[in-house]
Amino acid sequence: MLQVLLVTFPFFALVLAGYIAARRRMLPLEAIPGLNGFVLFFALPCMLFRFGSTTPIATLLDGAVAGIYLVCALVMVGFAIVMSMNRRIRWNDASLGALVAAFPNTGFMGVPLIAALLGSQAVGTVIVTIVVDMIITSSLCVALSRLDSPGGAAQAGKNALKGVVANPMPWAIILGAVASAIELKLPGPVEKTVWLLADAASPVALFTIGAVLARSQMTSNHPMPLSDYLPVALMKLLLHPLLVLLAGLSAIQLGVPLDPFALKVMVLVAALPSASNVSLLAERLGADNGRIARIILVSTAAAFLTFSGAVSLTR
């Protein structure tokens, strides 16, 4: 366990550094969108392209991983909505809460962290889960969030798909997969530029997570009962990885060609804290961003121990 903590500590320490920098105004809140833009449009796509282009194409097209992970994500979404809805929390807040219960922080945190723990051979499976979450899980939750508005779900679904198309991460993954399939190698200077941006992705993304969490807490700080957000954070950290583990083991018993190593990677992806960018989505859709920010903050803080525990248990 101590060895695992030593590996994971620098990643969570960078998140804490970003949080403190924003809270103490060493990093102006106005600068956070710039950091987020650099990670989203430059550094992270380059990192995903690098991993995709150096990963065997068969790993990126693993239907067993995609299918099992998707089923678990849908179960998490449905369960979180049922458990959350009450007189105060309606479809909009419940659906965005369900999204943070099912959508791990895979891009900003999971790729570099799991690669550090398990090696680059794990990244192909991680990329498959990113595609599932960005294209299906997020689009579904956005559509469900509009059910409070008559006739709004269809339009919300279209807008969600437009968001996926405008997101550079899926395109980076697709280009990386194509490069892997045709064994394309970038020209030396171009490759060096892409690789330099890729190297910047992990530290800047982790620092940005902390800054985004601090900003969300500072701008959406109103009283709220623990029951509104703590159960969802626990679902993300405990129920989600357990569900993926049980579903994967059951699938293997039924003869589904799922590699045990891929299952281990999927469990660790599910054990990650909630995706920090859902806070921005909740703000745009008019959901209770204070609740979403609290879920993300609690899951991120607690994940230092729960994620490290998951790594130890799956060894």
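Me: What makes the charged end of R50 one that sits over the ring of F51?

Reply: R50 has its charged end 6.0 Å from the centre of that ring. A charge sits over a ring if NZ of Lys or CZ of Arg is within 6 Å of the ring centre and within 35 degrees of the ring normal. R294 likewise lies over the face of Y229, 5.9 Å from the ring centre. The model is predicted: local features need pLDDT of at least 70, side-chain atom pairs count only at pLDDT 80 or more, and totals for chains, interfaces and linings use all residues. Residues are numbered from 1 along each chain as its sequence is written, and side-chain values use heavy atoms, leaving out hydrogens and water.

Me: How many aromatic pairs are there?

Reply: Rings of Phe, Tyr and Trp (its six-membered ring) pair if their centres lie within 6.5 Å; planes under 30 degrees apart count as stacked, over 60 as edge-to-face and the rest as tilted. This rule gives three aromatic pairs.

Me: Why is the pair of F12 and F304 called edge-to-face?

Reply: The ring centres of F12 and F304 are 5.6 Å apart and the planes stand at 65°, so the pair is edge-to-face. Ring pairs also link F9, F12 and F304 into a cluster.

Me: Why is F12 called buried?

Reply: F12 has a relative accessible area of 8%, so it is buried (under 20%; exposed is over 50%, partly exposed in between, with a 1.4 Å probe and protein chains only). F304, at 24%, counts as partly exposed.

Me: What makes the pair of F38 and F42 stacked?

Reply: The centres of F38 and F42 are 6.4 Å apart and the planes are at 20°, so the pair is stacked.
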